[in-house]
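Hello,

Here is the structure I promised to pass on to you. My notes on what turned up in it follow below.

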Amino acid sequence: LTDSRQEQFQKELKEMKELIQSRSLTAVQLLCDCQQLLRELKLLENTDDSSVELGIADLDSKIMTSLIRTSMASSVSSKDLKNFPNIENNSEMPNNKNSANYKIQSIVETETCTGISSVTLERLANRLTELNGEKRRRKQRLGELGSEIAFLWEKLHVSPEEQEGFRQTVQGIGLDTIRKGEKELERLHLLKDGMMGKLIMDARTTIRQLWNETSTSPTQQRAFQAFYVEEDQEAFSDDLLLQHEEYIHELESRFKKMLPVLKLIAKRDE
């Protein structure tokens with residue numbers, strides 16, 4: 001080879017090595033991020049879920065087996081972790097996003113490794129976007145469930161011990177947590193339906209107290225017709241309870257506005 005050809009060859013070789021290094025670093029970071037989300041979402045525990053496409057399931061499987069620890073990160077032995085039995089001691093599965101502690105098994109795709117081709121990097125980036133989207137959706141759903149459950153716990157006077165017992169059964173953002181939340185919400189709605197009569201009568205007791213405190217006239221009282229609906233299994237509904245709750249809120253707001261004047265009257269009468 002001529003000197004010019006050798007220089008060209010060395011230049012191309014250097015560029016190739018730089019490309020491999022760049023793609024490897026990108027792939028490792030994407031794989032670490034995907035692995036963490038797959039664990040958080042517990043998707044690997046639902047491999048029999050018919051909603052998961054075969055190609056996606058195959059990609060997820062490769063994501064979980066594509067990385068190995070570097071020698072720098074393998075200094076912690078199983079003996080060091082004996083007091084922490086719940087910590088995963090699998091050296092090929094990172095539990096955080098510190099991609100510097102890992103390297104990819106193979107730069108070409110195999111049965112257990114994604115490789116680092118441009119097509120693979122695009123698939124990993126797309127999968128990461130999908131997983132982040134799923135995480136946001138689940139957190140939003142859990143937030144909605146948590147808000148409804150807390151509201152019903154308070155309304156139904158569920159004991160702190162019972163509330164804590166439920167909290168101990170749920171963990172993370174897996175589908176099992178969402179299912180348990182939905183089941184608890186369903187239980188509370190059934191409990192509320194069984195207590196509908198008591199809840200409405202309790203609301204009416206509160207309304208009477210607020211009528212007295214706000215000096216509501218008989219004419220104004222009769223204007224709230226829902227108060228005079230007689231107890232009946234069909235008439236005493238969730239909609240009727242809601243009308244009472246909204247009316248209580250209205251009376252409480254009125255009382256709050258009247259409070260400064262009531263205090264002045266009380267002070268003058270002393």
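**What turned up**

Arg136 is exposed, with a relative accessible area of 54%; here buried means under 20% relative accessible area, exposed means over 50%, and partly exposed is in between, with a 1.4 Å probe and protein chains only. Before going on, please note that this is a predicted model, where local features need pLDDT of at least 70 and side-chain atom pairs count only at pLDDT 80 or more, while totals for chains, interfaces and linings use all residues. Residues are numbered from 1 along each chain as its sequence is written, and side-chain values use heavy atoms, with hydrogens and water left out.

Arg136 belongs to helix α3 (helices are DSSP runs of H or I with at least four residues, strands are runs of E with at least two, and both are numbered from the N terminus).

Next, the core. The largest nonpolar core has 26 residues, and Leu188 and Ile207 touch the most other members. Such a core is a set of buried Ala, Val, Leu, Ile, Met, Phe, Trp, Tyr and Cys residues joined through side-chain atoms within 4.5 Å. Two or more residues come from each of α3 (118–155), α5 (175–194), α6 (196–213) and α8, and α6 gives the most, with 7 residues. In soluble globular proteins, nonpolar side chains tend to be buried together.

Leu242 sits in helix α8 and is partly exposed at 40% relative accessibility.

Lys42, in the loop between α1 (3–41) and α2 (54–63), has a positive phi near 55° without being a glycine. His157, in the loop between α3 and α4 (160–167), is also not a glycine and has a positive phi of about 55°. With 63% relative accessibility, His157 is exposed.

Lastly, what is in the loop between α7 (218–223) and α8 (238–269)? Asp232 lies there, partly exposed with a relative accessible area of 40%. Glu230, Glu231, Asp232 and Glu234 form a surface patch of negative charge (patch residues have over 30% relative accessible area and no salt bridge, and like charges are joined within 9 Å; a salt bridge is a side-chain nitrogen of Lys or Arg within 4 Å of a carboxyl oxygen of Asp or Glu).

Best wishes

Conventions:
Patches are made of residues with over 30% relative accessible area and no salt bridge: like charges are joined within 9 Å, nonpolar side chains (Val, Leu, Ile, Met, Phe, Trp, Tyr) within 5 Å. Accessible areas come from the Shrake-Rupley method with a 1.4 Å probe; for residues, only the protein chains shown count as cover. Lys and Arg count as positive and Asp and Glu as negative; His and the chain ends are not counted. The place of a charge is taken as NZ of Lys, CZ of Arg, CG of Asp or CD of Glu.
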